[in-house]
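Please consider the following structure with its sequence.

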Amino acid sequence: MNHRLNLRFEQLERATNQLLVQVELLGERASISPGPGQWSAVQVVHHLLVSETGINQYIDKKLAQTEDLEEAGVGGFLRATLLRVLLRLPFLRFAAPSKLKGLTPDEVPPLPMLRAEWESVRRKLERTLNEYPSKLLNRAIFKHPRSGMLTIYQTLDFMVDHVLHHQRQVSRIAQAVAAMPPPIVVAHKENQTT
């Protein structure tokens, strides 16, 4: 992996680990939605996992057809920069693209399962980056739904900013669910025969 890719990958790893620790600290409240139509912290993790999985799949598809990859232009650079700025604005919120929103159900697997799956997806990304052809570094490889085609550098920048954007969302969720009464846990008695 070249140095610039490695720096971005390490940023992504740190941001992801911070987000996961933040969600883990919520304990049972990680699965509580702060309000109707709002994601729980675990659903945010699921969304990020689905997003990264889709990015990996798109990159793999494009790497199989490298002759079709175009040089990234100034327009792509400007759109990618604007996306980075918008994702970093703390007061700005985005609706998830409809394709991704539909992939985040009300009931998602528990956090430990999501963490393990994300680790697997992340190792796949790392292998892809380790083998990434240097001649393709400045070619458009991933199509973001809002900003269009991005280079691999811009794609990793987006992924870091996306996780950081959702860290702020998890902080808002944590504040909202902390103010709620604790969840009621119903204990089930087992039938005992004597």
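This is a predicted model: local features need pLDDT of at least 70, side-chain atom pairs count only at pLDDT 80 or more; totals for chains, interfaces and linings use all residues.

Residues are numbered from 1 along each chain as its sequence is written, and side-chain values use heavy atoms, with hydrogens and water left out.

Q: Which pattern does the protein follow along the sequence?
A: The protein has 6 helices and 2 strands. These are DSSP runs numbered from the N terminus (helices: H or I, at least four residues; strands: E, at least two). Read along the sequence, the pattern is α-α-α-α-α-β-β-α.

Q: What percentage of the residues in the protein is buried?
A: Buried means under 20% relative accessible area, exposed over 50%, and partly exposed in between (1.4 Å probe, protein chains only). Of the 194 residues in the protein, the buried share is 41%.

Q: Which parts does the pair of tyrosine 58 and phenylalanine 142 tie together?
A: Rings of Phe, Tyr and Trp (its six-membered ring) pair if their centres lie within 6.5 Å; planes under 30 degrees apart count as stacked, over 60 as edge-to-face and the rest as tilted. Tyrosine 58 and phenylalanine 142 form an edge-to-face pair, at 5.5 Å centre to centre and 85° between the planes. Because tyrosine 58 lies in helix 2 (residues 41–63) and phenylalanine 142 in strand 1 (residues 142–144), the pair ties together parts that are 84 residues apart in sequence: helix 2 and strand 1.

Q: How many nonpolar residues are in the lining of the largest cavity?
A: On a 1 Å grid over the protein atoms alone, a cavity is a set of points where a 1.4 Å probe fits but cannot get out, and lining residues have an atom within 4 Å of a point. The lining of the largest cavity includes Leu12, Trp118 and His162, and helix 2 and helix 6 (152–178) each supply at least two of its residues. Ala, Val, Leu, Ile, Met, Phe, Trp, Tyr, Cys and Pro count as nonpolar, Asp, Glu, Lys and Arg as charged, and the others, Gly among them, as polar. The lining has 2 polar residues, 1 charged and, as asked, nonpolar residues numbering 7.

Definitions and conventions
On a 1 Å grid over the protein atoms alone, a cavity is a set of points where a 1.4 Å probe fits but cannot get out, and a pocket is an open set with protein on both sides within 12 Å along at least five of seven lines; lining residues have an atom within 4 Å of a point.
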